[in-house]
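Subject: Structure handover, salt bridges

Dear colleague,

Here is the structure for your files. My notes on its salt bridges follow below.

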Amino acid sequence: MTPAETRTEPARGLYLDLLKRTLTGAVAEDNDSILGGVRTSGSPVFWKTWADAAGTLAGRFGFEVAYKKPYDPELRAIGRDWPARADSMIGLRRMDNIQQCVEKVLHDDIPGDLIETGVWARWGHDFHAGRPQGLRRPHAHGMGCGLLRGSAAAGCRPVSRDAGDTLFKRGGGLAVGVDQVKHNFERYGLLDEQVQFLVGWFKDTLPAAPIEQLAVMRLDGDLYESTWQAIEALYPRLSPGGFCIVDDYGDLVAPCQRAIHDYRDAHGITEEVIDVDGFGAYWRKAG
C-alpha cells in the first residue's frame, strides 16, 4: 500500500464494519417479527397464516403489526433469524466472506465484474458496492440479477428436483420491485454507473448478460433449478483466481447444494468447497 492508503486503512476498516453491521440490522438489534412480512407470509403454520392475513390487512391502511422477540447476536451473525427491517438477511459472517473475496481479487488483480444472482430488497450486493471509492477497479461493474418481485424460489413452482420445497409460496414476504432496490442503494449513497440491474428470470437474463469476465459471483437462487441456471450461465465466465460464493449451500436448502455438486461433477471441478457459517459456502477457481 502507498503511505496514503496506510493512513486511511483504519478508517476504511471501521467504515466497512459499520456498513456490514448496519446492513444486517446488528446495530439496531431489531428482531421484530412483522405480521404480513417475511416471517409469516406463506407459512403453513395455522396461527401464522391468520397473523399474516391480519398484518397484510393492517398494512393496507398504513399500520404495521409486529411482536417483539429477543435479539440474538449469534443468530444475526450466521443469518438465521430473517430480520424484518434490516437491509440484508445474510448475516455478518457471510458479509465478512464477501469482503474477503472482493479484497482478495482486488489485491491479486483478478479481472472481471462482480455479480449477485437472486437479489431480495435487502442483499449482499449493497456491500459489493460499498467498498471505498479508492479501492474500486476502473471499469469494473457490480451487477445484481433477480426477478425483483420475489426470490427465484418465490416466483414459480419447483421442478421435480425441488420437490418438497415450499419457499415458492412465500412470495408476499419476499416480493420487491427494482425501484425499491435502487432506493436502498441510494440511501447508502451507492447507486452509481458501476451498479447495474438485470431484471427477470435467470434463464432469460443470464445467458445474454453483458458480462465478459467475472471476478466474484455470488449465487442466491434457493432452489435446484435456479441455482443450476445461474452457475451454468456464469461459471464459464469466472476468471481463474475468482470466487464462486453460494448463499444457500447449507443443509437447510438441500436442492441448491445438489445443483452445485451436480454441476461440479459434470465439469470436473475439484476445488475445495469452504464453509462460511454452516449455510453459505465458497470456493476459488483454480488458475
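Which residue's side chain meets that of Arg21 in a salt bridge? The partner is Asp17, at 3.9 Å from N to O. A salt bridge here is a side-chain nitrogen of Lys or Arg within 4 Å of a carboxyl oxygen of Asp or Glu.

This is a predicted model, in which local features need pLDDT of at least 70, side-chain atom pairs count only at pLDDT 80 or more, and totals for chains, interfaces and linings use all residues. Residues are numbered from 1 along each chain as its sequence is written, and side-chain values use heavy atoms, with hydrogens and water left out.

Arg21 and Asp17 are 4 residues apart in helix α1, about one turn of the helix (helices are DSSP runs of H or I, at least four residues, numbered from the N terminus). Arg21 has a relative accessible area of 33% and is partly exposed, as is Asp17 at 38%. The cut-offs are under 20% for buried and over 50% for exposed, with partly exposed in between (1.4 Å probe, protein chains only).

By the rule above, the count is 17 salt bridges. One of them joins Glu103 and Arg12, at 2.1 Å from N to O. Glu103 is in helix α4 (residues 92–107) and Arg12 in helix α1 (residues 3–23), so this pair ties together parts 91 residues apart in sequence. Arg12 is buried at 14%, whereas Glu103 is partly exposed at 27%.

Lys203 and Asp204 also form a salt bridge, with the closest N and O atoms 3.3 Å apart. Shared partners link Asp30, Asp32, Glu64, Lys68 and Arg85 into one network of salt bridges.

Regards

How values were computed
Helix = DSSP H or I, 4+ residues; strand = E, 2+ residues; numbered from the N terminus.
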